[in-house]
Amino acid sequence: MTLPETYKAAVTEGNGAPYVFKQVPTPTPGKGEILMRVHVTGVCHTDLHAKDGDWPVPPKAPLTGGHEGAGEVVAVGEDVTSLKIGDRVGIVWLYSACGECEHCVKGNETVCEKQHNGGYSKDGSFQEYCIADAKYCARIPDGVSYADAAPLLCAGVTTYKALKESEVKAGEYMTIVGAGGGLGHLAVQYAKAMGMNVIAIDGGDEKGALCKELGAMHYVDFMKTPNTVDEVLKITGGKGAEGVLCLATSNKVFNDCVHMCKRHGCVVLVSLPPGDFSIPIFPVVLKRITVRGSIVGTRQDLAECLEFCAQGKVKPIYKTQHLEDLNEVFQEMHQGKIAGRIVLEL
């Protein structure tokens, strides 16, 4: 395959600087690496945080962000045996891990202290070609389009993993707070596919209709319901939900989630609002409630979440735009105007 000498990449200097579009030299994959031709890339809220430098650990600078890139292998480096030219792959948040620490050995590679992250500590998918670690690429199943796969490479696997972390079984209640958003609409579908009884919480009739269409058994509109905790308790016969998944960015909601939870249930926190939040000690201790954080998923989680899509059980909702629209997408994201996900074509 003949590759170009240069290609288009979006680059930011960080600390709030906008992305600029440059021609950069086409790299050669090193040992254990592949070069992928990026066909589409999702835009995640984490990409906005990376551009603006919001998090305690700074990203690399200059930076090409993006960790929901889907495309095909166009070159392989030394010692790569698991992938070949033409394979359909994706670059993800877990760009690589050490594979040797206690966390990796125990199957908890997402908390490896030596991990690298796509579009953060390593350049990501906001470019036409991208280097990736062959061992940690996503394998996109046949029958799943690149555009459908892109949002699942982060948003999908993040919500799927969080639902697994809740340990909620089929037939039990899962309350999803922020169910109508980019992550939430996927969480509703995964929970439904896993056999859970979904209570969706969000604001507005439009989001309510969407949640019901995607499989939610109940919808609680916080704009119309004075006390969402009481409503969840009413739905569950006063017992609360076995699992509560928090995708909302309000600190107060974190506290409410505990009160929605059933005895011996689990609250899983995914969203990252600034600041701290309080946990009501008595309910947590006396009801034996688990409060657990969850971030993305392992390679096995990723394979499972993509398979749900291949089987037609999960379908991301997104709008397609172009890479050159990236700065405008971030502006809309800042203003909270984006419904579902954005997938950029390259």
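## Close-up views of a predicted model

**View 1. His264 is an exposed residue, with a relative accessible area of 56%.** The model shown here and in the views below is predicted. His264 counts as exposed because its relative accessible area of 56% is over the 50% cut-off. The residue sits in strand β14, which covers residues 261–269. The backbone at His264 also deserves a look: phi is positive, about 65 degrees, although the residue is not a glycine.

**View 2. Glu167 has a positive phi and is not a glycine.** The phi value of Glu167 is near 65 degrees. Find Glu167 in the loop between α3 and β10. Helix α3 spans residues 146–166, and strand β10 spans residues 173–177. Is Glu167 buried or exposed? Glu167 is exposed, because its relative accessible area is 55% and the cut-off is over 50%.

**View 3. A cis peptide bond links Ala61 to Pro62.** Omega for this bond is about -5 degrees. Pro62 belongs to the loop between α1 and β4. Helix α1 takes in residues 45–52, and strand β4 takes in residues 69–76.

**View 4. Residues 16–344 carry a domain annotation in UniProt.** The record, an unreviewed entry, names the feature "domain: Enoyl reductase (ER)". How far apart do the end C-alpha atoms of residues 16–344 lie? They are 21 Å apart. Within this span, 30% is helix and 26% is strand.

Methods:
Residues numbered from 1 in each chain as written. Predicted model: local features only at pLDDT ≥ 70, side-chain atom pairs only at ≥ 80, totals over all residues. Heavy atoms only, no water. Helix = DSSP H or I, 4+ residues; strand = E, 2+ residues; numbered from the N terminus. Buried < 20%, exposed > 50% of the residue type's maximum accessible area, 1.4 Å probe, protein only. UniProt positions renumbered as here; feature names shortened; annotations may be inferred.
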